[in-house]
Amino acid sequence: MKIELEQVLPKDIERRSFEIITQELNGRTFPPLEEPVVKRVIHTTADFDYADNLVFSHQPVERAMEALRRGADIVTDTQMAKSGINKRVLGALGGEVHCFMSDPDVAEAARLNHTTRAVACMDKAARLNKPLIFAIGNAPTALIRLAELVEEGKLSPELIIGVPVGFVNVVASKELILETPVPAIVARGRKGGSNVAAAICNAILYQLEPGRMEEQKR
């Protein structure tokens, strides 16, 4: 069997991938600030269901971009998501990425309060004195705690990215976030993951990087 391979230079692979995504969306369009998010998530997962599953509430991309320009930090619930976020672009804007899951004080707080470490991480993050974006790709308990902190007036995130993957409380926790007044990007249903959370962060960051979006389209 003869297999024909498309000849693409390494530097052009991402651009060509986005061309294929655009073609396979068959003319479907999205609001300008949301389109790069949807396409980057599809690029990361090769899953076109995200064209329908991703929900944007309260102008989340615009609000997040404004916050990042002010030096907002990003808080994640996994080291995998943290490692996937582009720290060069974020750092140039004055922000950094936090994941507190391995911190000894988080483990101790979770033990004392009989909660998950993800819950303790959100409590620790709420004490940071900076604008915050939360990128949750694994723990529905983190989303539930964020909703509680918002309701209690203890936290006012610039954006909540709610894309945990799985079965237990995953769907309900995402819907809970959509009921808050906080800007949110949520992957409805069971799909998601740390890679999706990082992809959404990067899609927003790249819109703030001079020349990046134009280069992607060439």
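What follows is a set of questions and answers about the sheet, the helices and a few single residues.

Tutor: Two things before we start. This is a predicted model, where local features need pLDDT of at least 70 and side-chain atom pairs count only at pLDDT 80 or more, while totals for chains, interfaces and linings use all residues. Residues are numbered from 1 along each chain as its sequence is written, and side-chain values use heavy atoms, with hydrogens and water left out.

Student: In what order do the six strands of the open sheet come?

Tutor: Helices (H or I, at least four residues) and strands (E, at least two) are DSSP runs, numbered from the N terminus. Two strands pair if DSSP finds at least two bridges between them. Pairing in this open sheet is mixed, and the order of its six strands is 1-6-5-4-2-3.

Student: How many bridges join strand 4 to strand 5, and which residue is the partner of isoleucine 136?

Tutor: Strand 4 covers residues 132-136 and strand 5 covers residues 159-162; the two run parallel, joined by four bridges. For isoleucine 136, the bridge partner in strand 5 is glycine 162.

Student: Which residues of helix 4 are buried, and what arc do they cover?

Tutor: Helix 4 spans residues 60-69, and its buried residues are Pro60, Val61, Ala64, Met65, Ala67 and Leu68. The arc is taken from the directions from the helix axis to the C-beta atoms. These residues sit on the same side of helix 4 because the arc they cover around the axis is only 165 degrees.

Student: Where do helix 8 and helix 9 come together, and at what angle do they cross?

Tutor: Contact means heavy atoms within 4.5 Å. Ala118, Val119, Met122 and Asp123 of helix 8 meet Thr141, Ala142, Arg145, Leu146 and Leu149 of helix 9. Axes are lines fitted to C-alpha atoms, for helices over the stretch in contact, and angles run from 0 to 180 degrees between N-to-C directions. The axes of helix 8 and helix 9 (residues 140-151) come within 8 Å, and their crossing angle is roughly 35 degrees.

Student: Is arginine 145 buried or exposed, and what is its relative accessible area?

Tutor: Arginine 145 belongs to helix 9. Setting aside neighbours within four places in sequence, arginine 145 is in contact with Val119, Met122, Asp123 and Glu152. Arginine 145 counts as buried because its relative accessible area is 14%.

Student: What is the phi of histidine 58, and how accessible is that residue?

Tutor: Histidine 58 sits in the loop between strand 1 and helix 4. Although histidine 58 is not a glycine, its phi is positive, about 60 degrees. Histidine 58 counts as partly exposed, because its relative accessibility is 42%.

Student: What about histidine 114: where is it, and what is its relative accessible area?

Tutor: You'll find histidine 114 in the loop between helix 7 (104-113) and helix 8. Histidine 114 isn't a glycine either, yet has a positive phi of about 55 degrees. Histidine 114 is exposed, because its relative accessible area is 74%.

Student: How far apart are the C-alpha atoms of glutamate 108 and alanine 120?

Tutor: Glutamate 108 is in helix 7 and is partly exposed, with a relative accessible area of 34%. Along the chain, glutamate 108 and alanine 120 are twelve residues apart, and their C-alpha atoms are separated by 8.9 Å.

Methods. Buried < 20%, exposed > 50% of the residue type's maximum accessible area, 1.4 Å probe, protein only.
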